[in-house]
Amino acid sequence: MTEWIELGLIGLFIASFLAATVVPFSSEIVFSALIAAGFGTWECVIVATAGNWLGGMTCYALGRAGKMEWIEKYLKVKKEKMDSFMLKLHKYGDWFAFFSFLPGIGDIIAVASGYFRCRMWVVAVSMLIGKFARYIVWLGLFEQMLKFF
């Protein structure tokens, strides 16, 4: 953990980027550690949001460029999951990418948005809003938790 804190905002960006891809990683821990170490709150929110958004857009691009065989092999997303998200994407539209911040299914939403050729600008905007909201909510929870210690 100290390595991430030593890297500062660059470490937060990398952690947030990785957390938005299929790499199992928790950027919230690095985010919280940097805030506890005295880094600027809004700087951390912006950097974490940017890294997480770019990671999500990378999943979108891989989904858009990839074949189902590649997605299953390299991203570990099964065709059945993609098919179930196709129904949701058709029902709720491209704005469904807002929910790509959710743990566990967020990566699938981002990949499926690309694979099913959702409009990139709508996906980018809705994903950015969702990722920003994620860190704002986490910040609020973290600040409440600090009051108990």
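1. Which residues are buried in α8? They are V122, V123, A124, S126, M127, G130, K131, R134, Y135, L139 and F142, where buried means under 20% relative accessible area with a 1.4 Å probe, protein chains only. The cover over these residues includes α2 (9–19), α3 (27–36), α4 and α7 (106–115).

2. A word on the basis: this is a predicted model, in which local features need pLDDT of at least 70 and side-chain atom pairs count only at pLDDT 80 or more, while totals for chains, interfaces and linings use all residues. Residues are numbered from 1 along each chain as its sequence is written, and side-chain values use heavy atoms, with hydrogens and water left out.

3. Now the helix pair. Helix α4 (residues 41–65) packs against helix α8 (residues 120–147) at an angle of about 140 degrees, and their axes are 9 Å apart.

4. The contact (heavy atoms within 4.5 Å) brings residues of α4, including W42, W53 and Y60, against residues of α8, among them M127, F132 and Y135. By class, 15 nonpolar, four polar and three charged residues take part in the contact of α4 with α8.

5. A quick check on the length of α8: its 28 residues should span 40 Å at 1.5 Å a residue, and the end C-alpha atoms are 41 Å apart, which agrees.

6. Finally, G38 sits in the loop between α3 and α4. G38 is exposed, at 60% relative accessible area (exposed means over 50%).

Conventions: Axes fitted to C-alpha atoms, helices over the stretch in contact; angles between N-to-C directions. Helix = DSSP H or I, 4+ residues; strand = E, 2+ residues; numbered from the N terminus. Nonpolar A, V, L, I, M, F, W, Y, C, P; charged D, E, K, R; others polar. Expected span 1.5 Å × (residues − 1).
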